[in-house]
Amino acid sequence: MTTMNMIQAINSAMDVTMERDNGVVVMGEDVGYFGGVFRATAGLQKKYGKTRVFDTPINECGIIGVAVGMAAYGMRPVPEIQFADYIYPGLDQLISEAARLRYRSAGEFTCPITVRSPFGGGIFGGQTHSQSPEGIFTHVAGLKTVIPSNPYDAKGLLIAAIEDPDPVLFFEPKRIYNGPFDGHYDRPVQPWSKHASSEVPEGYYTVPLGKAAVVRAGEAVTILCYGTMVHVALGVVEASGIDAEVIDLRTLLPLDIDTIQASVEKTGRCVIVHEATRTGGFGAELSAQVQERCFPYLEAPIERVTGWDTPYPHSLEWAYFPGPVRLGEALKRVMKD
Amino acid sequence: MADEAGRNLRPLTLHVPEPKFRPGDAVSFDDMVFPEAGSVARPPVDADPSTLRDLPFSLIRVLDPEGKAVGPWDPRLPVERVKHMLRGMMLTRTYDDRMFRAQRQGKTSFYMKCTGEEAVAIAAAEALHRDDMCFPSYRQQGLLIGREWPLVDMMCQVYSNAGDRLKGRQLPIMYSVKDAGFFSISGNLATQYPQAVGWAMASAVKGDTRIAASWVGEGSTAEGDFHSACIFASVYRAPVILNIVNNQWAISSFAGFAGAEATTFAARGLGYGIAALRVDGNDALAVYAATEWAAERARTNCGPTLIEHFTYRVEAHSTSDDPSAYRSAEEAKNFPLGDPIERLKQHLIRLGEWDEASHDALQAELTEQVRAAGREAEKLGVLSGTAFNHGFETIFEDVFAEMPQHLKEQSEQMAEERRAAGV
């Protein structure tokens with residue numbers, strides 16, 4: 001075991017898989033010699049050479065399209081899109097191609113690619129460095145979507161994603177690359193080294209896709225969250241004294257609905273938290289499924305705490321970010337009766 | 001070795017570009033050979049693109065090594081306009097230095113300098129009409145300065161403060177100034193390129209007389225939007241100038257990752273039948289002349305022009321970047337096209353219109369101008385995570401012309417929750 005932050009854990013996951021499988025290639029803008037603008041691919045080009053870790057032209061359509069082609073050859077590309085906000089030129093290749101290749105060729109061609117991309121706000125990145133577009137991808141048949149919330153999971157999930165036979169969107173919450181963030185922007189940031197989940201094995205292990213984690217057991221209310229919001233939720237629960245069960249989804253699709261259902265049937269209340277915009281967001285899907293499966297158990301309306309339905313503002317970031325104030329109020333409402 | 005079918009084939013290899021110099025390397029640009037100033041012919045503005053096929057592989061230069069303006073591209077400007085460009089470039093650099101320091105002092109989140117590339121925007125602003133429409137990337141702050149837009153207004157945007165007309169919504173330097181013919185800057189790369197073509201097409205549809213111009217970095221020419229812009233500009237002979245600012249580096253990726261090992265960026269125009277020029281981007285007179293030529297071409301319905309400005313990004317990509325991790329610090333010093341401000345200064349000195357004393361006096365005046373603007377802007381606040389410069393309700397404004405019910409509800413919810421929580 002060694003202590004890693006999220007960046008180091010993600011780097012280690014690529015290192016471990018590249019070591020085991022020479023079909024794994026890493027590609028993207030600035031990922032090669034420089035090692036990525038967030039340093040996630042640091043050292044990989046030096047270790048595995050320029051034909052397995054390479055910089056690309058600034059063309060997200062090309063990055064993903066080329067990855068689909070390399071996957072069709074039989075390799076396992078791990079393309080990086082530098083910010084999730086820049087993924088849109090690649091949508092045709094992801095939605096029309098990667099997601100459907102297995103289906104339309106009846107398994108003749110497959111697409112085991114893992115698109116890594118930093119996402120989410122909390123870094124004063126403005127509207128082009130802060131978005132949470134996961135709901136676009138969970139809406140597409142044929143794509144898996146994974147979002148880790150800590151170094152241990154990040155490494156295990158990324159290895160599982162790279163080894164997965166189908167295309168995976170792996171969104172990395174950039175706000176917590178260097179330390180967990182509970183939403184209290186006016187307090188000092190804690191490094192990962194003070195957090196148990198920064199204990200990460202140096203070698204190979206996986207955290208299976210499609211399995212949620214109950215990160216805090218409780219009886220009073222179920223909080224469904226992922227990424228940065230896991231830490232916001234844990235902070236609010238600790239401060240409020242409410243005996244909430246906090247579930248880190250880890251994989252949005254395929255969704256671990258059994259864990260969710262068992263929890264909501266136990267608590268009878270459910271709050272859903274994500275940073276993405278509200279309307280048509282992944283929280284809407286969660287809310288629908290909980291209602292469909294747990295209706296007789298529900299003692300209060302399901303609450304959604306999300307980003308507002310506006311572009312992500314720059315200077316008013318902390319009024320936009322669904323932080324402790326908003327989650328705290330939602331918990332009060334859901335616990336009222 | 002023979003394969004299963006008995007064929008004796010060589011294994012394929014993948015070419016991955018590699019820049020000549022990395023951190024610590026001694027840098028020599030001796031292999032960069034440019035035509036002498038004044039040596040490139042200046043075709044008539046209505047020339048058919050098929051007769052212009054050498055220009056993308058050449059380099060239009062007006063200022064010779066001594067600072068003399070030579071050859072057919074010399075725009076023969078009145079000296080006052082040359083001085084206006086020098087002033088604009090110096091003001092741009094002075095402004096950049098101040099705002100960079102402001103970011104380092106924690107007064108804002110982000111900044112991007114254009115050091116070494118000042119001529120590209122300033123000379124274009126000088127050559128275009130004031131009402132021609134600009135679709136810039138994030139490194140053409142010189143267009144606003146060249147059009148004499150108030151520095152205080154620009155600084156307020158950088159500070160996201162109470163004076164920021166964009167209500168603190170945009171990342172610093174992503175200006176929007178309709179009154180200066182300056183389109184709202186996007187952080188997404190090259191998206192402005194087809195938009196400029198569309199604006200130019202609209203101007204033609206309406207029988208207007210204004211033209212459009214856009215700028216992208218050489219790295220961004222890799223985006224599909226670049227192709228979209230070129231094909232529409234070519235098909236409709238749109239009155240547009242498509243500028244490529246080849247500053248050699250896209251964050252850590254050298255121009256080879258945008259295709260520079262294979263051909264020039266100007267040569268991209270050939271495949272579309274678009275007239276294309278390649279210009280010494282550190283020579284303000286050459287940039288002026290090329291822009292003037294392209295503008296005249298557009299204004300007379302002769303179609304679009306692609307211009308590659310060959311220059312160098314002297315500083316980091318942004319305040320979030322550290323170029324010492326990926327390129328040799330010697331590159332900027334040894335770049336063979338020199339510094340655009342220094343070169344125009346030498347030109348004016350050679351004309352007998354300038355000297356070190358007048359240069360120092362102008363620098364002192366500009367430094368004071370920027371300092372005064374900075375003081376005024378900071379009175380309206382700086383960016384801070386805890387002191388909000390705009391009302392929370394502004395988050396919900398301007399998503400649509402008319403606020404739909406769900407946004408009104410969310411706005412009320414925000415206010416209610418903050419009241420309930422006592423914050």
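User: Got it. And how many residues of chain A are in contact with chain B?
Analyst: In this predicted model, 38 residues of chain A are in contact with 44 residues of chain B. Residues are numbered from 1 along each chain as its sequence is written, and chains are lettered from A in the order in which they are written. Local features need pLDDT of at least 70, side-chain atom pairs count only at pLDDT 80 or more, and totals for chains, interfaces and linings use all residues.

User: Which element gives the most to chain A's side?
Analyst: That's α12(A), with 4 residues. Helices (H or I, at least four residues) and strands (E, at least two) are DSSP runs, numbered from the N terminus.

User: Switching to chain B: how many helices and strands?
Analyst: Chain B has 12 helices and 7 strands. Its radius of gyration (over C-alpha atoms) is 23 Å, close to the 22 Å from the globule rule for 423 residues, so chain B is as compact as a globular protein of that length. That rule is 2.2 Å times the number of residues to the power 0.38.

User: What share of chain B is buried?
Analyst: Buried residues make up 49% of its 423 residues; buried means 20 or more other C-beta atoms, placed from the backbone, lie within 10 Å of the residue's own.

User: And what are the model's scores?
Analyst: ipTM is 0.95 and pTM is 0.96. Chain B has a mean pLDDT (the predictor's confidence in each residue, from 0 to 100) of 97.

Note on methods: Two residues are in contact if their C-beta atoms, placed from the backbone, lie within 7 Å. A residue is buried if 20 or more other C-beta atoms lie within 10 Å of its own, exposed if 12 or fewer, and partly exposed in between; C-beta atoms are placed from the backbone.
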